[in-house]
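Open the model in your viewer and keep the sequence panel beside it. The stops below are given in the order in which to select them.

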Amino acid sequence: MFALFASLTLIWGGVGNDVEQQLGNMRANMLEKPASGELVIVEIDAKSLQALDRWPWPRKYYAQAIDSLNDAGVSQIAFDVDFSSRSVPAQDQIFADAIARSQATVVLPTMRQRASGTQSKFIESLPIEKLRANAFLASVNVHPDHRGQLNQYSFGTTTNGIARPSLASMIAESSGSIDKSFAIDQAIDPASIPRLSFVDLIANEGRSLDLLGKKVLIGATAIELGDRYPISRFGVVPGVVIQGMASETLIQGTNLQNLGKFPALIFSAILLAICIASRKFSSEGLIGIAFANAIILMGALFLSEYLHWFTFSNFPAFCLLGVFMAMQKFMSTSNALKTSQFINTVSKLPNDAALLQTLTGKELVYIATARLSDFRELRAITNKTSRRDLFQNLANRLNFLARGERIYQVDTDMVAWTVKREYIDDISGHFDTAVALLQSPIMTADTKIKINATFGISASSLDEAKLASEQAFVAGKKWAWHDADVDQAIGEKHDLLIELDQAIEVGNLDVVYQPKWDLSSNRLGGAEALVRWSHPVQGMISPEIFIPMLEQAGRIDQLTYHVLKQALKDLASWQEQRPGLTCAVNISAQLLSDSDFVEKAIAIVERSSVWNAQLVFEVTETATMVDPEQSALALQRIQSTGIRVSIDDYGTGQSTMSYLQRLPVSEIKLDQSFIKTLVTDKTNQVMVQSTIKMAQNLGFKVVAEGIEDQACLDLLTKYGCDIGQGWHISKPVTSDFFIAAWLDRGIEEARLSA
Ligand code: C2E
Ligand code: MG
Ligand code: MG
């Protein structure tokens, strides 16, 4: 309706007439055609003015023109020259006689004009009586439009009750209703109307003129005579040419009936109304229809003008269609914006805003969440399409639990759904089912993904439900109800993480070294680098607390670079006293599947002044189990550079010795739990002894860590263990202390002589 109103306003205001005219010119340009050739213009041109006497000419020239034209056998001679005033009587007589004897009909012009500048009365000025006696009269009045252009031409004019056909009507012998006008066909090329110079005509006396049966229009084209008017497609042209074009329009019958502005507009309005009412089309569909409608109207107009049927105005319909399309586009974009607020852009699942919207106004709703663990790794190995597949397939599986309710993606690593009251009593069973549903890997376009998730539930809000799954993860449980106390603990942990980040950034973490004792040579073998954080308020914080925090937050890489750089620096400073000492650095499990990390760590080692072989990367045996293929590749890459690999905390995981054998590993470290109780626990003794044997048979060096007394050390020496580490040998010490005690003062020597 708005679009219709807008276009009607345009019609009413006459806006667009210019555009309409331009469009018309464009069509005329494409449909351009030559004049019929039936009409010839005799030009009173500059050449004629120069050749003959001064202007106005004695009327004998016109008499000569009439005679010449009669000799040439023309059928009609029309003058667009003013003969309303007398000249020399003899001259007038010569002209009158020529008119009287002319075989061809002679047409003389009449002009309708105001009686005087101030009066509203019109008079018609006619050729003088002597001349008009044997001539036909036709009006040469023209009607400029509001821009002063002569694009319209009338069939005739009525002055004081006397009707007079126009010159063009007379030439074309066309009968149109006087006072009606038609559009001059501007597709007719005015240059193609044959022309003849007045002076040539009378000089030549018509002998070689090919004018048999033609109609002739005589008028001024010389610039100095003024008589010029603008026409939209050709600019300013002589009045006689406009008379000629109007005549040609009527001769060729291209004074097409103009159906006006309404047919196209009404057609478009009805078509759009039907399409809207059918409700079958989207905004895009409607825009397409409107566009097609505009093209059809353009084509129809073109075709109709080409076939000389009729013409009509498209502009108001174009306005209607344009405004309509713009509004549809606007509405569809704002709708899309509105829906996109409720849709996750990657997975296309409804998002947290959508869930919150469905929750508003409802009383008690239980919300369950599933948080994907290891999402950072998932993100690293899956692209956007895979993530979309992952979440959609995850939602499909969990649909079983949601029982008709939707699954929402409420965070990058979390989905949620509402749980009905009746399932709350067995919520544990509910989540058992969830675990079972996620047991098998989820298929995506390019891979299968095994996902682990923890679940949370809350009776009050989505935020709490989100926190609950976080709490379950931190507590190592499968699922958890939301607990406010735990929130606080997590909050504190969060604060600590921020401080830790800062400490890493400014290098405010210390590295200490625990000596490794070579049991076979009874000499210092090297040391293990261990990180220390002395918190300004909380004092010394154990790595066993903050390392897992950093690992969970996915920020362990930065700490590891720091420790590695420090260790390399210290190792270099020990080099002079003890070349070839080794130093071990701990590498977290998840870093093995991060190829960026691996490359960067290798680069750091290679840039340092120590040999690669002096460095040992300690990885826990579980690290190699998370993603066996990836970690095997990473370990191979590491070992190829000469850096050695040691399996830390051996015995706490599930890996078998033969599994480790397939990996590029040079050493295994027996976990402290076996060593600390070694002296008292007979079973441990059997196990440790056989493990050492087996490992050495497979080519590994064996390190025992957690040696707290001499008896333990003796036992391990007896079993043939290669290296020992533990408080009994030394607690972890600073690099300065390590240099002073172990390298300078020779605690080692003291140990040896003991
Ligand atoms: P880990 O790599 O197994 O390191 C050995 C831990 O055992 C060290 O604890 C060390 O101080 C302790 N220890 C050594 N000898 C004895 C002993 O005779 N008795 C007892 N009771 N303990 C002994 P720490 O320094 O607290 O480190 C704990 C764990 O934190 C390390 O276990 C390691 O997994 C991790 N960690 C330490 N520094 C780093 C690091 O720079 N990066 C990474 N990713 N982890 C580190
Ligand atoms: Mg270690
Ligand atoms: Mg260990």
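Begin with Ala-527 and Cys-583, which are bridge partners, the latter in strand S26. This is a predicted model, in which local features need pLDDT of at least 70 and side-chain atom pairs count only at pLDDT 80 or more, while totals for chains, interfaces and linings use all residues. Residues are numbered from 1 along each chain as its sequence is written, chains are lettered from A and ligands numbered from 1 in the order in which they are written, and side-chain values use heavy atoms, with hydrogens and water left out.

**Strand S26 and its neighbours**

Select strand S24 (residues 523–535) together with S26: the two pair in the parallel sense over four bridges. Two strands count as paired if DSSP finds at least two bridges between them. Helices (H or I, at least four residues) and strands (E, at least two) are DSSP runs, numbered from the N terminus.

Is S26 enclosed or open? Five of its six residues are buried, so the strand is largely enclosed by the rest of the structure. Buried means under 20% relative accessible area, exposed over 50%, and partly exposed in between, with a 1.4 Å probe and protein chains only.

**The two magnesium ions**

Select the magnesium ion (ligand 2) next. Its donors are Glu-528 (OE), Asn-586 (OD1), Glu-618 (OE) and Asp-648 (OD), at 2.0 to 2.3 Å. Donors are N, O and S atoms within 2.8 Å of the metal (3.2 Å for Na, K and Ca); water is not among the atoms, so sites may look incomplete. Along the chain these donors follow the spacing E-x57-N-x31-E-x29-D. Asn-586 in strand S26 (residues 582–587) and Glu-618 in strand S27 (residues 615–620) are 32 residues apart, a pair that links distant parts of the chain. Asn-586 counts as partly exposed, because its relative accessibility is 30%. Glu-618, at 1%, counts as buried.

Which residue bridges the magnesium ion (ligand 2) and the magnesium ion (ligand 3)? Asp-648 does, and the two ions lie 4.2 Å apart.

Move to the magnesium ion (ligand 3). Asp-648 (OD), Asp-649 (OD) and Glu-705 (OE) coordinate this ion at 2.0 to 2.5 Å. The spacing of these donors is D-D-x55-E. Here too distant parts of the chain are linked, by Asp-648 in strand S28 (residues 644–650) and Glu-705 in strand S30 (residues 701–705), 57 residues apart. Asp-648 counts as buried because its relative accessibility is 7%, and Glu-705 is buried at 7% relative accessibility.

**The nonpolar cores**

Select Leu-559, Ile-668 and Leu-716. Of the 84 residues in the largest nonpolar core, these touch the most other members. Helix H20 (residues 556–574) gives the most to this core, with nine residues. A nonpolar core is a set of buried Ala, Val, Leu, Ile, Met, Phe, Trp, Tyr and Cys residues joined through side-chain atoms within 4.5 Å.

Stay on Leu-559 and show its contacts (heavy atoms within 4.5 Å). Beyond neighbours within four places in sequence, Leu-559 is in contact with Ile-504, Leu-509, Val-531, Phe-546, Ile-547 and Leu-550. A second, separate core has 40 residues, among them Ile-66, Phe-95, Leu-211 and Val-216.

**Helix H10**

Select helix H10 (residues 262–278). Its 17 residues should span 24 Å at 1.5 Å a residue, and its end C-alpha atoms are 24 Å apart, which agrees; the expected span is 1.5 Å times one less than the number of residues. Ala-264, Leu-265, Ser-268, Leu-272 and Cys-275 are buried in H10. Seen down the axis, the buried residues of H10 fall within an arc of 105 degrees, so they line one face of the helix; the arc is that of the directions from the helix axis to the C-beta atoms. On the other side of H10, Ile-274 and Ala-277 are exposed.

Show what covers the buried residues of H10: helix H1 (2–13), helix H11 (283–306) and H12 are included. Just after H10, Arg-279 takes a positive phi of about 60 degrees.

**Two last residues**

Ser-340 is in helix H12 (residues 315–340) and is partly exposed, with a relative accessible area of 37%. Ser-340 and Pro-350 are 10 residues apart in sequence, and their C-alpha atoms are 9.2 Å apart in space.

Finish at Gln-91 in helix H5 (residues 89–101). Gln-91 is buried, at a relative accessible area of 16%. Leaving out residues up to four places away in sequence, Gln-91 touches Pro-58, Arg-59 and Lys-60.
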